[in-house]
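User: I would like to go through this model with you. I will ask what backs each label.

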Amino acid sequence: MTERAFVFEVGVRRAGRWTVEGLRDRQEDAIANARDILARGGCEAVRVVRGRIVDGHFLTGNAVFEASRPVRAEDGPRV
């Protein structure tokens, strides 16, 4: 029998590249974790994607939360 479960992937964008910071079982926990990461700084944006695990494989789902840091003048391109 196929077992299905949802999982929430916390993604972080640094230097224009997305990486997976972690997985959470509950959407509320994932969003709280993403907000904490964004508040600490050191990243451009965060997102939480609800995915489905089918037979042990993660299938990408829909973004349920996205946030980014405001662009500051000192964050712009350097000449």
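**Contacts and calls**

Analyst: This is a predicted model. Start with I37. Neighbours within four places in sequence aside, I37 contacts V10, V12, R14, E21, C43 and V46.

User: What makes these count as contacts of I37?

Analyst: Contact requires heavy atoms within 4.5 Å. I37 meets that with V10, V12, R14, E21, C43 and V46, once neighbours within four places in sequence are set aside.

User: Which residues make up the largest nonpolar core?

Analyst: The core has 12 residues: F8, V10, V12, A30, I31, A34, I37, L38, C43, V46, V48 and F65. The elements giving two or more residues to it are β1 (4-14), α1 (27-40) and β3 (45-54). The largest share, 5 residues, comes from α1.

User: Which helices and strands does the chain have, and in what pattern?

Analyst: The protein chain has 1 helix and 4 strands. Along the sequence they follow β-β-α-β-β.

User: Why is N33 called buried?

Analyst: Buried means under 20% relative accessible area. N33 is at 17%, so it counts as buried. N33 is in helix α1. It touches V10 and R24, not counting residues up to four places away in sequence. N33 and G22 are 11 residues apart in sequence, with their C-alpha atoms 9.1 Å apart in space.

User: How much of the whole chain is buried?

Analyst: Buried residues make up 27% of the 79 residues in the protein chain. The accessible surface comes to about 5,800 Å². Carbon and sulfur atoms hold 47% of that surface.

User: What stands out about the backbone of A15?

Analyst: A15 has a positive phi of about 50° although it is not a glycine. A15 is in the loop between β1 and β2 (17-24). At 71% relative accessibility, A15 is over the 50% cut-off, so it counts as exposed.

User: How do you know that β3 and β4 pair?

Analyst: Pairing takes at least two bridges between the strands. β3 and β4 (residues 57-68) have 9 bridges, in the antiparallel sense. V49 stands opposite A63 in β4. V54 has H57 in β4 as its bridge partner. The hairpin of β3 and β4 has 2 residues between the strands, and D55 there takes a positive phi near 50°.

User: What makes R47 a charge over a ring?

Analyst: For an Arg, CZ must be within 6 Å of the ring centre and within 35 degrees of the ring normal. The charged end of R47 sits over the ring of W18, 3.9 Å from its centre. That distance is within the limit, and the label carries the angle condition too.

User: Where does R50 lie?

Analyst: R50 lies over the face of F6, at 4.5 Å from the ring centre. That value too is within 6 Å.

User: How many aromatic pairs are there?

Analyst: The structure holds 0 aromatic pairs. A pair would need ring centres within 6.5 Å.

Key. Residues are numbered from 1 along each chain as its sequence is written. This is a predicted model: local features need pLDDT of at least 70, side-chain atom pairs count only at pLDDT 80 or more; totals for chains, interfaces and linings use all residues. Side-chain values use heavy atoms; hydrogens and water are left out. Buried means under 20% relative accessible area, exposed over 50%, partly exposed in between (1.4 Å probe, protein chains only). Accessible areas come from the Shrake-Rupley method with a 1.4 Å probe; for residues, only the protein chains shown count as cover. A nonpolar core is a set of buried Ala, Val, Leu, Ile, Met, Phe, Trp, Tyr and Cys residues joined through side-chain atoms within 4.5 Å. Rings of Phe, Tyr and Trp (its six-membered ring) pair if their centres lie within 6.5 Å; planes under 30 degrees apart count as stacked, over 60 as edge-to-face and the rest as tilted.
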